[in-house]
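Subject: Structure handover

Hello,

Here is the structure for you to take over. My notes follow below it.

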Amino acid sequence: MTETMTAWVVRRPGPMATRPLERVRLPVPEPAPGEVLVRVEVCAVCRTDLHLAEGDLAPRRPGTAPGHEVVGYVEARGPGAGRFAVGARVGVAWLRAACGTCRHCVRGSENLCPHSRYTGWDADGGYAEYLTVPQDFAHPLPADRPAEKLAPLLCAGIIGYRALLRSDLPPGGRLGVYGFGASAHLTAQVALAQGATVHVLTRSAAARRLALELGAASAGDAYDAPPEPLDAAVLFAPVGDLVPVALAALDRGGTLAVAGIHLTDIPPLVYQDHLFQERTLRSVTANTRADGRALLEHAARHPLHVATTPYPFERADRALEDLAAGRITGAAVLHIGD
């Protein structure tokens with residue numbers, strides 16, 4: 001195996017026009033005890049990667065390779081790592097580690113662990129030919145599915161699944177989906193499989209067409225009112241101005257879950273219009289491994305249409321530029337080692 005690898009790292013966070021990503025050569029990492037070394041096949045592009053590159057999320061360490069929707073193969077194992085055989089296909093997601101002993105972990109909320117660590121933020125991620133991951137935080141993946149279609153499930157799918165749970169959508173309920181990118185188009189399909197009526201609100205005409213093709217009952221502009229009151233809604237667009245819009249669209253007792261890790265400022269809410277009649281506003285923070293298992297099991301039972309746009313590894317910066325400009329429908333995926 002080669003001793004060095006190609007990676008993209010965030011050198012100077014800033015707008016994509018300032019070229020915050022730099023392509024470099026790095027040593028291939030060595031797996032620590034309990035870790036596996038993964039040869040990256042593909043890595044999907046997440047809006048969180050864009051937030052890290054542009055500085056909306058403060059860097060945790062200098063020169064970090066982003067990327068946390070990784071499909072790859074176990075290349076080597078560190079001491080004590082026996083969960084996966086060399087050659088096993090695995091997925092690497094956003095949550096990299098949690099302490100397992102704090103009160104949040106003990107109650108099953110490891111996503112709220114104050115000692116949690118994240119792929120592509122606290123450690124180098126999948127914008128590289130290799131990465132390491134603690135074996136207990138890797139997900140076994142089927143060998144017969146295209147890598148490009150699996151990768152977006154590992155964050156877009158998982159965080160959307162958790163956001164759907166947080167929205168308290170009742171059986172057969174009416175769901176509003178604000179924004180319709182990588183995560184939203186997967187979440188809508190999960191809700192449809194559960195018997196929900198889905199209304200999509202997004203600025204992109206191409207995304208509205210995709211929503212209708214996937215079975216949404218309606219698709220309008222992000223600031224439009226849906227054709228009927230909503231029992232639940234999920235906000236995927238990182239736009240705080242949409243929070244009062246979505247809250248006003250809820251029926252009595254409805255819940256809005258905000259799925260993003262970053263959101264622009266929320267304007268003042270009017271209690272009578274936005275929160276009265278027991279409407280609820282909730283955030284969504286990362287995910288648990290249980291969320292990942294549940295989403296992957298759902299996808300095995302109910303195959304999802306995963307809309308993807310492929311990019312060669314050497315165009316990782318262009319993929320983020322296109323994401324920032326709203327030029328991607330579905331999920332962008334970097335092809336690295338396939």
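How many cavities of 30 Å³ or more does the count give? The count comes to one. A cavity here is a set of points, on a 1 Å grid over the protein atoms alone, where a 1.4 Å probe fits but cannot get out. Grid points are joined across faces, edges and corners, and a volume is the space filled by probe spheres set on the points.

Some ground rules. This is a predicted model, in which local features need pLDDT of at least 70 and side-chain atom pairs count only at pLDDT 80 or more, while totals for chains, interfaces and linings use all residues. Residues are numbered from 1 along each chain as its sequence is written, and side-chain values use heavy atoms, with hydrogens and water left out.

**Cavity and pocket**

The largest cavity holds about 30 Å³ of space. Its lining residues (those with an atom within 4 Å of a point) are Ala93, Leu95, Phe137, His139, Asn287, Thr288 and Arg289. By class, three are nonpolar, three polar and one charged. For these classes, Ala, Val, Leu, Ile, Met, Phe, Trp, Tyr, Cys and Pro count as nonpolar, Asp, Glu, Lys and Arg as charged, and the others, Gly among them, as polar.

A pocket, by contrast, is an open set with protein on both sides within 12 Å along at least five of seven lines. The second largest pocket has about 160 Å³ of space. His139 is in its lining too. Eight of the lining residues are nonpolar, one is polar and three are charged.

Which elements supply at least two residues each to that lining? Strand S9 (138-140) and helix H9 do. H9 gives the largest share, five residues. Helices (H or I, at least four residues) and strands (E, at least two) are DSSP runs, numbered from the N terminus.

**Strand pairing**

Strands S13 (residues 230-235) and S14 (residues 250-258) pair in the parallel sense, over five bridges. Two strands pair if DSSP finds at least two bridges between them. Ala233 has Leu256 in S14 as its bridge partner.

**Positive phi**

Two residues other than glycine are worth a look. Asp168 has a positive phi of about 55 degrees. It sits in the loop between helix H4 (156-166) and strand S10 (174-178). Ala286 has a positive phi near 50 degrees. Its place is the loop between strand S15 (280-283) and helix H9 (289-301).

Are these two buried or exposed? Asp168 is partly exposed, because its relative accessibility is 46%. Ala286 is buried, because its value is 10%. Buried means under 20% relative accessible area, exposed over 50%, and partly exposed in between (1.4 Å probe, protein chains only).

**Salt bridges**

The whole structure has 16 salt bridges. Each is a side-chain nitrogen of Lys or Arg within 4 Å of a carboxyl oxygen of Asp or Glu.

Glu321 bridges to Arg19, with the closest N and O atoms 3.9 Å apart. This pair links distant parts of the chain: Glu321 is in helix H10 (residues 316-324), Arg19 in the loop between strand S1 (4-10) and strand S2 (21-27), 302 residues apart. Glu321 is partly exposed at 23%, and Arg19 is partly exposed at 49%. Arg19, Asp317 and Glu321 are linked in a network of salt bridges.

Asp122 bridges to Arg60, with the closest N and O atoms 2.8 Å apart. Asp122 is in the loop between strand S7 (117-118) and strand S8 (130-134), Arg60 in the loop between helix H1 (47-54) and strand S4 (70-77), 62 residues apart. Arg60 is partly exposed at 42%.

Asp124 bridges to Arg61, with the closest N and O atoms 2.9 Å apart. Asp124 lies in the loop between S7 and S8 and Arg61 in the loop between H1 and S4, so the pair ties together parts that are 63 residues apart in sequence. Asp124 is partly exposed at 23%, and Arg61 is partly exposed at 32%.

Best wishes
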